[in-house]
Amino acid sequence: MSYSLQSWGRYPSHPQTAKPCYWRADLQQTLADMAAQHGTLLPFGNGRSYGDSCLATSGHALHMRPLDRFISANWESGLIRAEAGVTLGELLALAIPQGWFLPVTPGTQFVTLGGALANDVHGKNHHVRGTFGCHVPRFGLIRSDRPPLVCSRQENAELYAATIGGLGLTGIIEWLELQLVPIRSSLIDATHVRFGSLEEFFVLSAELDPKHEFAVSWIDCLARGKSVGRGIYMAANHAEEGPLVFANPCKLNVPLTPPFSAINRLSLRLLNSAYYGGHRDGRHNSRISYEPFFYPLDRILNWNRIYGPRGFQQYQCAIPEGNAAAATRELLDAIAAAHSGSFLAVLKRFGDVASPGLLSFPLPGATLALDFPQQGEITARLFSRLDTIVREAGGRLYPAKDAHMSGADFRNAYPAWAQYEGLRDPVLSSRFWERVTT
Ligand SMILES: Cc1cc2nc3c(=O)[nH]c(=O)nc-3n(C[C@H](O)[C@H](O)[C@H](O)COP(=O)(O)OP(=O)(O)OC[C@H]3O[C@@H](n4cnc5c(N)ncnc54)[C@H](O)[C@@H]3O)c2cc1C
């Protein structure tokens with residue numbers, strides 16, 4: 001049986017022919033068979049990467065999502081072992097009632113454990129806990145050129161470091177161990193603060209980030225002049241008391257792709273003004289379920305369809321601390337001047353917890369992420385301007401979200417790539433890797 005898959009941004013459009021794998025015992029043979037048939041292939045998790053890093057050069061993907069079993073769980077220590085296709089949501093459903101939570105979570109729970117490790121994802125608590133890979137002591141790896149391996153800081157240490165943030169190219173992650181964090185409640189204590197400018201954001205972040213495990217800001221990407229960078233700062237900690245309840249997020253669905261993008265200059269201005277204006281001045285505290293804070297977008301299934309048939313791209317960069325304020329301002333100025341961007345614009349600070357991953361994205365500083373409807377030349381011109389700002393500030397782009405970065409920018413920003421290339425499995429290849437290394 002085979003079916004078609006694509007990336008979350010639906011740009012570039014290269015539908016993948018998927019071969020599902022249901023049994024771990026079949027992985028090595030399936031890898032060999034697919035390599036013999038198609039030359040190269042790529043493991044595919046749940047397709048929540050935006051650009052082309054989850055698209056196989058050959059168009060043939062080994063679909064890991066059906067490998068969704070838990071292998072062991074120690075509820076005394078919080079160490080779980082699970083197959084790579086288990087999603088973060090499936091893990092939360094099991095772990096929360098036992099008093100455990102994910103150490104690091106991206107903004108969607110529809111991500112697989114294997115995909116989270118392969119992109120070494122970060123969450124709203126990077127300044128406290130670093131990336132996902134920091135909490136994965138061991139994993140099993142299947143390669144085409146040797147028998148199955150166990151990787152940890154002690155065993156096969158080079159492949160351990162290369163696979164964390166390794167973009168699925170060092171082998172198939174078969175299972176992994178994850179160290180969860182204890183919680184007393186599934187509620188969180190959240191603080192919302194409306195701020196009027198980018199300068200205010202940096203002041204707030206310096207004051208409140210150290211007092212909270214989680215921090216993130218929504219930015220009004222159309223604001224100009226003195227208001228550039230205005231937005232809503234949100235910080236939170238796990239609550240000390242309350243129920244331990246898993247919250248199922250799926251509420252609405254976008255059933256069809258509209259013929260054009262619903263995100264345009266007018267709808268964006270209306271949405272941004274309404275959201276900003278909907279928050280009052282001052283600091284507001286509330287005790288709420290973890291789910292709307294961590295996963296607001298998961299409430300609308302298939303929301304990526306609202307960008308129409310051409311899809312969309314996300315631009316996510318990290319800027320080193322010393323240049324963060326100035327470069328972020330330049331980026332926001334350029335985006336507002338182009339009347340572009342989307343409602344989904346996020347700014348947060350990264351901390352200095354080092355990742356074990358060779359190609360991990362975060363660096364100490366700030367990260368800005370925005371979605372853009374795909375508009376051909378218009379998008380390309382704006383991205384070229386943004387790339388120059390990021391390059392000159394010594395920053396870099398996130399491969400998990402990327403569909404346009406030049407090879408020179410990638411190789412400059414990720415100097416470990418050449419060492420990594422020597423550890424890549426020869427039969428694994430993605431469109432992203434081909435684009436940035438040739
Ligand atoms: C709404 C939304 C919010 C997001 N928020 C964040 C965020 O806050 N922080 C963040 O870091 N990211 C974020 N992301 C991106 C997302 O977390 C990553 O792209 C994640 O890696 C996707 O995982 P996936 O299971 O869907 O894998 P896919 O997207 O299918 O694949 C991702 C990569 O993993 C590889 N891979 C998948 N499974 C395996 C395996 N078993 N073995 C080896 N390689 C494998 C693939 O080859 C590919 O290179 C967000 C995405 C969305 C849609």
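This is a predicted model: local features need pLDDT of at least 70, side-chain atom pairs count only at pLDDT 80 or more; totals for chains, interfaces and linings use all residues.
Reader: What makes the size of the protein agree with that of a compact globule?

Author: With 438 residues, a compact globule would have a radius of gyration near 22 Å, and the protein has 21 Å, so the two agree. Along the principal axes, its C-alpha atoms fill a box of roughly 60 × 50 × 45 Å.

Reader: How many of the residues count as buried, and what makes a residue buried?

Author: A residue is buried when its relative accessible area is under 20%. Of the 438 residues in the protein, 58% count as buried. As for the surface, the protein exposes about 17100 Å², with carbon and sulfur atoms supplying 54% of that area.

Reader: Which helices and strands are there to look at?

Author: The protein has 13 helices and 21 strands.

Reader: Which residues make the contact, and what kinds are they?

Author: H9 brings Ala 327, Glu 330, Leu 331, Ala 334 and Ile 335. H10 brings Leu 382, Arg 385, Leu 386, Ile 389 and Val 390. These contact residues divide into eight nonpolar, no polar and two charged. Glu and Arg count as charged, and Glu 330 and Arg 385 are among the residues of this contact.

Conventions
Residues are numbered from 1 along each chain as its sequence is written. Side-chain values use heavy atoms; hydrogens and water are left out. Contact means heavy atoms within 4.5 Å. Helices (H or I, at least four residues) and strands (E, at least two) are DSSP runs, numbered from the N terminus. The radius of gyration is taken over C-alpha atoms; the globule rule is 2.2 Å times the number of residues to the power 0.38. Buried means under 20% relative accessible area, exposed over 50%, partly exposed in between (1.4 Å probe, protein chains only). Accessible areas come from the Shrake-Rupley method with a 1.4 Å probe; for residues, only the protein chains shown count as cover.
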